[in-house]
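Hello,

Here is the structure I promised to hand over. My notes follow below it.

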Amino acid sequence: MKKNLLSVIILALVFANFILSGIIVFTLVPQTKQANTLITKVCEAINLEVNSGATNGLSNLPVNQIATYAVNAGETMTTNLASGGSEEAHYAVFSISLNLNNESDEYKKNNTTVIVDKESIILDKINAVVRSYTLEELNADGGMEKLKKDVLKQLQNMFGADYIVGISFPKFNTD
């Protein structure tokens, strides 16, 4: 008799546990979905990337997902460099290409028409960044990489980090 009573109590507790687990699942899951929806809406409202923990960049994208755009139709540009204390004027002659993520929402929506429309602004930003460097800074170890990062940062501020993922200088000469 004691074994039957103990089995009935255990069965009742298992059944109660099952019912309480079901109640928890059906009350917490909808609340969690609502919280996730709210967080997504807030991120969109303040223009944050939901996947901001993942770094954007060329190293994270397959080659077939990268489209290139030659700024100024691939023509070389000439700009003065910062003086850096020397009396002699130095300049840089370069061409620049933008690496675009062709899977991004902005690219799917506009392709390269946004860049073509804003090319004069892009050229101005690029020239401003290049002019801020001295000849010594560009020729130092890591100088070109720092320049690329600075130009990329300026362009990503304009167009978004997911749209422009890298830049390259096919031609870059200094004097």
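Asn 101 sits in strand β3, residues 91-101. Strands here are DSSP runs of E with at least two residues, and helices are runs of H or I with at least four, both numbered from the N terminus.

Some ground rules. This is a predicted model, where local features need pLDDT of at least 70, side-chain atom pairs count only at pLDDT 80 or more, and totals for chains, interfaces and linings use all residues. Residues are numbered from 1 along each chain as its sequence is written, and side-chain values use heavy atoms, with hydrogens and water left out.

Back to Asn 101. It is buried, at 4% relative accessibility. Buried means under 20% relative accessible area, exposed over 50%, and partly exposed in between (1.4 Å probe, protein chains only).

The side chain of Asn 101 makes a polar contact of 3.0 Å with that of Gln 65. Such a contact is a pair of N or O atoms within 3.5 Å; within protein, one must be able to donate a hydrogen and the other to accept it, and residues adjacent in sequence count only if both atoms are side-chain atoms.

Leaving out residues up to four places away in sequence, Asn 101 touches Leu 61, Gln 65, Tyr 107, Asp 162, Tyr 163 and Val 165. Contact means heavy atoms within 4.5 Å.

Now the loop between β1 (66-70) and β2 (77-80). Asn 72 lies there. Its phi is positive, near 60°, and it is not a glycine. Asn 72 is partly exposed, at 26% relative accessible area.

Ala 73 lies in the loop between β1 and β2 too. Ala 73, also no glycine, has a positive phi of about 55°. Ala 73 is exposed, with a relative accessible area of 65%.

Best regards
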